[in-house]
There are 2 protein chains.
Amino acid sequence: MSAAQLDASKLVITPVENPSKPLSNDKLVFGKTFTDHMLTIEWTKENGWDSPQIKPYGPLVLDPSAVVFHYAFELFEGMKAYRTEDNKITMFRPDMNMKRMNKSASRILLPNFDGEELIKLITKLIEQDKHLIPEGQGYSLYIRPTLIGTTSTLGVSTPDKALLFVICSPVGPYYKTGFQAVRLEATDYATRAWPGGCGDKKLGANYAPCVLPQLQAAERGYQQNLWLFGPEKNITEVGTMNCFFVFKDSTTGKKELVTAPLDGTILEGVTRDSILTLAKNKLDSNEWIISERYCNMHELKERAANGELIEAFGSGTAAIVSPIKEVGWNGEPIFVPLLPGEQSGALTKQVAQWIGDIQYGREKFDNWTRVITEL
Amino acid sequence: MSAAQLDASKLVITPVENPSKPLSNDKLVFGKTFTDHMLTIEWTKENGWDSPQIKPYGPLVLDPSAVVFHYAFELFEGMKAYRTEDNKITMFRPDMNMKRMNKSASRILLPNFDGEELIKLITKLIEQDKHLIPEGQGYSLYIRPTLIGTTSTLGVSTPDKALLFVICSPVGPYYKTGFQAVRLEATDYATRAWPGGCGDKKLGANYAPCVLPQLQAAERGYQQNLWLFGPEKNITEVGTMNCFFVFKDSTTGKKELVTAPLDGTILEGVTRDSILTLAKNKLDSNEWIISERYCNMHELKERAANGELIEAFGSGTAAIVSPIKEVGWNGEPIFVPLLPGEQSGALTKQVAQWIGDIQYGREKFDNWTRVITEL
């Protein structure tokens, strides 16, 4: 008998006895409170994917020798469900998350699965708790699919047992009172990722080691750190987000939107991809160049000095975009302009609007908005 | 009130009702079976270290949002307890493991502790199950102290809750029938560690990403992979062990023992340190040079061709030393000599003997052997 594929039709639902009431929007803290149910699916090498279970949110019970505790056999995704004005529930490009999750799994020998089956199961999970999806622009249900190796052994080898689980957290807008542009410290004493490493995958292993440099930047008064790579001081990412710059050539007047190329060290952000695609589609190509190339600290400093640096922002699922107003490098500030009296540049604002419109169903683009259920 | 320090005198022991019988020596598999008890100590930022608990071995119960599952807030140690011929139980340089464990913890913002207190607690844990420590040269009790972040949040930040636990597995000799020299594939498409990363710490994050390259080496017929770094193809580690080479200068006849320097990318192995110290102490300095320097693939190939490469071995707690007989590089073999009719070189054998004698109490060296209890 061959190992079973992930099959949404085998779902077993055990609902909670007393569904909880939604928190008021002002009480929502990112990733701190969760909905009533969770999805769990066990996998073994021998039998493949077991019947999916939707059951009351509750603790995982695991042997202390499980490889997830010792060798970081773990990966995750971050995605959201949105409540539209006409009371539909949408997801934004969930196929991209499924594709990336399988790539992350392959990198650390955890099992792959049919992404469309998992989307069906996540839909069922969301339906179960749909009264807990908050309402309003910027409010959403954050969805955290996670895959961990659960083999009980201290040997370092391919796991033969795994657990896929999905939990959901109702969340508010990243910036409660509109954008807040951040100050970054360019970090060249710590390195996030390396060629031949796994920085392009959403593995747990990429996260814990990044907190210390962020904390050290915070001690020096910065909100986040800007990751650099190599002797050229190439800018790779910002905190846990992809990073974009906008330059304006002072001779030609032409503008350029720049982000680091997917060379194996850069996380393959869904928001990153969406911004590049929308920019190519919506910006006038006579006025704009869209580039996947490295910008290094020397270029950044020089172009800021020449008045050619006109915007900078991070991108990710949590905030969509996070405007940057300053980069500290070797103790000296490089300032990034903002719109007068505002906390972002013009394109940063524009991008947030484009993506928000698609996520909340006000605009259609390609097949990016997927209506998964209705209220 | 300030947060409590780790305090062994607060230990609470809940023994199992029916202690298990030892497995016969031939049934022992590394890290697959565990002793009857485990040690757990909870930590919170607010209250510090809670009372240590020795209790029946059993599952951990953790919220699915615990940071250990998502961001690899986890680190471990590997150490052993040995049963001497006169029925004492010894540990080998446990202070070194405690020091390294605290360094690993600091790197990912998990709490530090007094290492001597944890050694006292581990001693109590071993006493509880001392009838399960196997007898005989090469047999021992493998001890796995582990520290995980347990804060329930999807935010990436410093954990404010943690769990330190220790589990023990009775183990046999790494090579049941004497040494088995291994064939390695030099891996230059994957990188284990890099400057500004965390490859020198015993973090879970360093392990899962290393299994794929090892598997790929295995598919091409090698037992392990040899990790390289940089354009010079410096040799850094072998699998999950430190790596040593022995050269003999064909002009001077002088021998050199070489291992990579602790430059931040190399695990600070206790066995590595012990080998360097013993070699400096026991080998004739007129005949030997002991070097912490990089050897690269070009040097290895050239010196093998000149007949100057005379031994190679990996080192670690599990095997002490693991002799190497071949390194495949770009599809071509570099052969390492072995003693005629044997599976290791002369120094490799010698080193295993030196360390075994100290671990099993047949020889004293410095304060490396610590008698922790008696049978």
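Helices here are DSSP runs of H or I with at least four residues, strands are runs of E with at least two, and both are numbered from the N terminus.

Before going on, a word on the model. It is a predicted one, where local features need pLDDT of at least 70, side-chain atom pairs count only at pLDDT 80 or more, and totals for chains, interfaces and linings use all residues. Residues are numbered from 1 along each chain as its sequence is written, chains are lettered from A and ligands numbered from 1 in the order written, and side-chain values use heavy atoms, with hydrogens and water left out.

Back to H7(B). This helix covers residues 346-359, and its 14 residues reach 20 Å from the first C-alpha to the last, close to the 20 Å expected at 1.5 Å a residue; the expected span is 1.5 Å times one less than the number of residues. Is H7(B) mostly covered or mostly uncovered? Mostly covered, with 10 of the 14 residues buried. Buried means under 20% relative accessible area, exposed over 50%, and partly exposed in between, using a 1.4 Å probe and protein chains only. Among the buried ones are Val351(B), Trp354(B), Ile355(B) and Ile358(B).

Now over to chain A. Strand S8(A), residues 88-92, has 4 of its 5 residues buried, so the rest of the structure largely encloses it. Which strands does it pair with? One is S7(A), residues 79-83, antiparallel over 3 bridges, where pairing takes at least two DSSP bridges. Here Ala81(A) has Met91(A) as its bridge partner. S7(A) and S8(A) form a hairpin with 4 residues between them, and Asn87(A) in the turn has a positive phi of about 65°. The other is S20(A), residues 369-374, joined to S8(A) by 5 bridges, again antiparallel. There, Lys88(A) is partnered by Glu374(A).

Last, the interface. Chain A gives 59 residues to the contact and chain B gives 58, counting heavy atoms within 4.5 Å. Together the chains bury about 4800 Å², 67% of it on carbon and sulfur atoms; that is the accessible area (1.4 Å probe) lost by two parts on being put together, summed over both. Pro64(A), Phe69(A) and Leu154(A) supply 14% of the area that chain A buries against chain B, more than any other three residues.

And how many salt bridges are there between chain A and chain B? The count is 0, taking a side-chain nitrogen of Lys or Arg within 4 Å of a carboxyl oxygen of Asp or Glu.
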